[in-house]
Amino acid sequence: MKFNTRAIHTGQDADPTTGATIQPIHPSSTFTQEEIGKFKSYEYSRSGNPTRKALETCLASLENGKYCCAFSSGMAAISSVLSLLVPGDHAIATEDLYGGSYRIFEWYRTHYGINFTYVNGNDSDNFARAITPATKLIWIETPSNPLTHIVDIAAVAKICRDYSVFLVADNTFASPYLQQPLILGARIVVHSTTKYINGHSDVVGGAVITNDLEIQKALGYYQNMAGAVPGPFDCWLTLRGLKTLSVRMKQHQANALQIATFLRRHPFVEAVHYPGLPDHPQHDLAKKQMSGFGGMVSFRIRGGREEANRFFKSLKVFSFAESLGAVESLACYPAVMTHAAIPKEKREKRGITDGTIRLSVGIEDSEDLINDLMNALDVAQRTA
Ligand SMILES: *Cc1c(COP(=O)(O)O)cnc(C)c1O
């Protein structure tokens with residue numbers, strides 16, 4: 001079956017006892033057993049729950065994976081992958097990274113002796129050069145947050161195979177509708193399902209998908225042991241959101257391209273980052289490995305924190321808020337919000353300045369979004 005059909009049906013057969021067409025919510029924490037050592041599929045909801053199972057089955061299918069573990073947040077999903085490492089191991093990550101990922105990597109470095117090297121992901125050879133005999137994994141985010149750098153997934157996967165290192169791709173920004181890293185050679189895909197997968201800003205969740213049984217066993221063990229599992233209602237909401245992923249993504253990216261094009265022509269805007277613009281330095285690579293360019297746009301205004309603040313205060317349709325990937329448009333200030341965990345000097349070296357603004361373009365009417373941005377840019381500029 002193809003993507004949209006799987007998004008709506010996989011793992012979601014009619015309920016065998018009642019015929020309910022929509023997956024029931026199973027809040028039960030425990031499941032009655034028949035005799036010693038004999039139970040149906042579930043015993044306790046930390047180790048497994050039918051509503052969670054439906055979500056895991058659907059997500060695995062959409063990422064072209066065999067297995068999925070769902071978690072109570074993207075960060076819980078990320079920590080499950082880090083639990084595969086032991087003291088002395090080395091990992092390589094792209095330097096243009098979600099701030100929370102950087103924060104937990106640094107925690108593992110200082111608390112557990114796991115070393116991280118950060119490289120510029122634009123050039124795949126940077127990964128090969130950073131590999132040491134202790135390297136266990138390479139961690140990539142593409143398109144990256146917030147500057148939409150693109151990592152060549154297939155090229156990095158080949159390097160990983162050559163050196164017996166496993167590749168982890170955080171696919172949150174693209175969503176499985178636009179990019180499927182397991183097909184391109186990644187061993188593990190990580191998601192913050194809080195974002196495009198749920199898509200309605202009403203659930204925090206995460207997931208890890210793989211085709212590797214050994215990895216799945218370790219992740220499942222960790223999921224049950226550490227217990228950061230999503231509740232049945234959250235799983236159900238996420239499943240509901242997932243059904244419309246493709247129609248949402250189409251509208252997100254149609255709006256994003258119009259907005260990126262508008263921003264590039266605006267005199268108060270110094271730079272625009274969107275992989276769908278033909279002059280994005282990696283436009284061709286994005287075209288090769290993605291089936292669309294997504295809904296995330298960032299740009300730099302001719303000004304700093306004060307001008308940015310005036311911009312945010314003038315927005316009426318966009319909400320000035322953290323997070324991304326939902327139907328409503330959001331604007332955020334990476335320097336203080338998503339990327340506050342990265343020291344200012346390092347942050348600026350990576351191109352995230354006090355003039356950098358990130359947009360998560362929603363699915364409202366693009367005219368309203370552009371008018372909103374036009375007005376806010378005018379206010380920021382006029383009083384500059
Ligand atoms: C939001 C996000 C995370 C963290 O997920 P939470 O659900 O907030 O815990 C990880 N990676 C990326 C790329 C994200 O955008």
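Student: In which loop does asparagine 64 lie?
Tutor: The model is a predicted one, in which local features need pLDDT of at least 70, side-chain atom pairs count only at pLDDT 80 or more, and totals for chains, interfaces and linings use all residues. Residues are numbered from 1 along each chain as its sequence is written, and side-chain values use heavy atoms, with hydrogens and water left out. Helices (H or I, at least four residues) and strands (E, at least two) are DSSP runs, numbered from the N terminus. Asparagine 64 lies in the loop between α2 (50-62) and β1 (67-71).

Student: What is the value of phi at asparagine 64?
Tutor: Asparagine 64 is a residue other than glycine, and its phi is positive. The value is near 60°.

Student: What is omega for the peptide bond from asparagine 145 to proline 146?
Tutor: Proline 146 is placed in the loop between β4 and α6, and proline 143 lies in the loop between β4 (135-141) and α6. The bond from threonine 142 to proline 143 is cis, with omega near -5°. The bond from asparagine 145 to proline 146 is cis, with omega near 0°.

Student: How many residues of domain 2 are in contact with domain 1?
Tutor: An automatic or database domain assignment gives the bounds, dividing the chain into domain 1 (3-242) and domain 2 (245-382). Contact means heavy atoms within 4.5 Å. On the domain 1 side 41 residues take part, and on the domain 2 side the number is 42.

Student: What area do domain 1 and domain 2 bury between them?
Tutor: Buried area is the accessible area (1.4 Å probe) that two parts lose on being put together, summed over both. Carbon and sulfur atoms carry 59% of the area between these domains. The total is about 3300 Å².

Student: Which helix supplies the largest share of the side of domain 1 that touches domain 2?
Tutor: Helices that each supply at least two residues to this side include α1 (3-9), α4 (99-112) and α7 (175-178). The largest share is 4 residues, and it comes from α7.
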